[in-house]
Amino acid sequence: MRGENAVLGAAGLAAFLALGEAAPRLGLVEEAYFPPTSRIAEALVDELSDDAFWSALGDTLTGWALGLAIAVGAGIVAGVVLSVVPHLREATASTIEFLRPIPSVALIPLAVLLYGTELRSVLLLVVYASFWQVLIQVLYGVQDVDPVAEETARSYGLGPWARVRHVLWPTALPYVMTGVRLAAAVALILAVTAELVIGAPGLGSRIAVAQTSQAVPEMYALIVVAGLLGLLINVGARTVERRALAWHQSVRGEVAV
Amino acid sequence: MLDVRGLRKVYEGSGRRVEAVRDLTFTVGAGELVCLVGPSGCGKTTLLRCMGGLLTPTGGEVLLEGRKVTGPPPGTAFVFQEYGRSLFPWMRVAENVELPLKQKGLGKARRRELVTDALESVGLADAAGAYPWQLSGGMQQRVAIARALAYEPRVLLMDEPFAAVDAQTRADLEDLVRGLWRERGMTILFVTHDIDEAVYLGERVIVLSGSPTVVREQLTVDLPAERDQLHTRVAPRFAELRTHVYEQIQAAKRGIAPQDTPETQDALAKADAPPKRDALVKADVPGDPDVRTDPPPSR
């Protein structure tokens, strides 16, 4: 079953690439704007041998990783504190609901005003967008604590900190993992967007340069790289999730007893 | 050892006021195994949670060794009915048993010793490295019991611990608890809705009324200390005791018919519970002289 799916997946991808090759060659689309697959592949190979490409990739990954790390750390701490301190969650709920839907890109002018085209501009946007993903999941996760588990911990003399560590945190972990996976994807989108619009160094600004200099195949090659990056990040996040949650029902499945 | 005095618990919330426990007074002596039995929904669990310091009573008090219980007291272990939720699925069996010991601040060697000993006592020495969810229900409840044992409690509170396991497993677990009690000499308060279980396990059975709960009767179980599933359960004395408790519970249930006001409930409870001293020992107070005058059969 799994093998069959893999074959079908590969066949689908091959068909898509073949279509991308055939459509411009048959004149169905303008070749100047939609170069055939082989041209994009050539441009991609050229990019890979260019040091500037690798430094742009490094910049994007730096912005992504730093921003994500800050957002995850802040999201977890804020989520736990909001849930544990009585009344704090109710007091902040409306503010969170107001701030959360603000699109991060709407903060681009602010970021430029504050930090220009520095890395900090990218970080501001990345952190703002990913923070909410983590925070909301942590809030849900903390609510999911089983009253029986909590009572068990209390009856065995576990203090507040021990209960956060041994009951609340493991309970919230599956939610946190989901939040991190979502945040990782959002962070990449925002990192590339920020570079593209603000011109901070990275893949995004390289795409903008390729576009303005009419290097269309190179532009597509860079877009492909950004797509592959997203794919890798998702696969990586899922792997981490499976490892950390081996005990969880969603991962372990049904166990024959 | 354990004194419950005038305990009262009223739940209030969303416009509803539920008096779960009205006025409970009883004592559990050191090293006793007492079973609390009552009709379903009679506040047994509320009572036990108050005794374990997990709930604050509305009125009255619980004293453990003369000291008022205000939070979970050290030296008291709890075994919950919902073993699947009480054990932490993210920890292996041995880690589950060990966690409370870490909180106690015991050294590593001592912890390991206690964990091994407790798991051996419940016959699960092999399962130390498994996750709870890899075990059957009965085995999971054994792990929960092992966790309580390793904690070296002076008082063990058990809240309908075998209500969710199958009948055969339940019999094994009952024998396990009795065996551990005789071996380790701790005080056990065992809440159950199963009359046979209460009589089979307990040295004393406290029968509760329907909600709002009061103590309806206290009964000394004068069965021999050595009990087994096969012979004890067919002993004539066992049948007498369980019949008596059954009648008490039935009467208690009738006492909670919805049209009854609290006053008539009390009247009913009194009318339905004449002291049957000819057939049975009624121990309103532990150490009631009647207890000793009654000749214990087949001992």
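Student: Which residue is the bridge partner of R8(B) in strand 4 of chain B?
Tutor: The bridge partner is G59(B). Strands here are DSSP runs (E, at least two residues), as helices are (H or I, at least four), and both are numbered from the N terminus.

Student: What kind of model is this?
Tutor: It is a predicted model, in which local features need pLDDT of at least 70, side-chain atom pairs count only at pLDDT 80 or more, and totals for chains, interfaces and linings use all residues. Residues are numbered from 1 along each chain as its sequence is written, while chains are lettered from A and ligands numbered from 1 in the order in which they are written.

Student: Back to strand 4 of chain B: in which sense does it pair with strand 1, parallel or antiparallel?
Tutor: Strand 1 (residues 2-13) and strand 4 (residues 59-64) of chain B pair in the antiparallel sense, over five bridges. Two strands count as paired if DSSP finds at least two bridges between them.

Student: And what order do the strands of the open sheet take in chain B?
Tutor: Ten strands form the open sheet, in the order 5-4-1-2-10-9-3-8-7-6, and the pairing is mixed. Strand 5 (67-68) and strand 6 of chain B are at the edges with a single partner strand each, so one side of each has no neighbour in the sheet.

Student: What is the partner of strand 6 of chain B, and over how many bridges?
Tutor: Strand 6 of chain B pairs with strand 7 (residues 155-159) of chain B, in the parallel sense and over four bridges. In this pair, V79(B) stands opposite M158(B) of strand 7.

Student: Are the residues of strand 6 of chain B buried or exposed?
Tutor: T76(B) and F78(B) point one way, A77(B) and V79(B) point the other way, and all are buried. A residue is buried if 20 or more other C-beta atoms, placed from the backbone, lie within 10 Å of its own, exposed if 12 or fewer do, and partly exposed in between. Across chain B, buried residues make up 44% of the 299 residues.

Student: New topic: where is E197(B) found?
Tutor: E197(B) is in helix 7 (residues 195-201) of chain B. E197(B) is buried, because 23 other C-beta atoms lie within 10 Å.

Student: Which residues does E197(B) touch?
Tutor: Leaving out residues up to four places away in sequence, E197(B) touches E174(B) and T192(B). Contact requires the C-beta atoms of two residues, placed from the backbone, to lie within 7 Å.

Student: How many residues does the contact take from chain A and chain B?
Tutor: The contact takes 16 residues from chain A and 21 residues from chain B. On the side of chain A that touches chain B, helix 7 (147-155) and helix 8 (160-198) of chain A are the elements that give two or more residues. The largest share, six residues, comes from helix 7 of chain A.

Student: Where in chain A is confidence lowest, and where highest?
Tutor: Confidence is lowest in helix 11 (residues 249-252) of chain A, with a mean of 79, and highest in helix 3 (residues 51-84) of chain A, at 95. The score is pLDDT, the predictor's confidence in each residue, from 0 to 100. Chain A averages 92, and 98% of the residues score at least 70.

Student: How many residues of helix 4 of chain A are buried?
Tutor: The count is zero among its twelve residues, and helix 4 of chain A is hardly covered.
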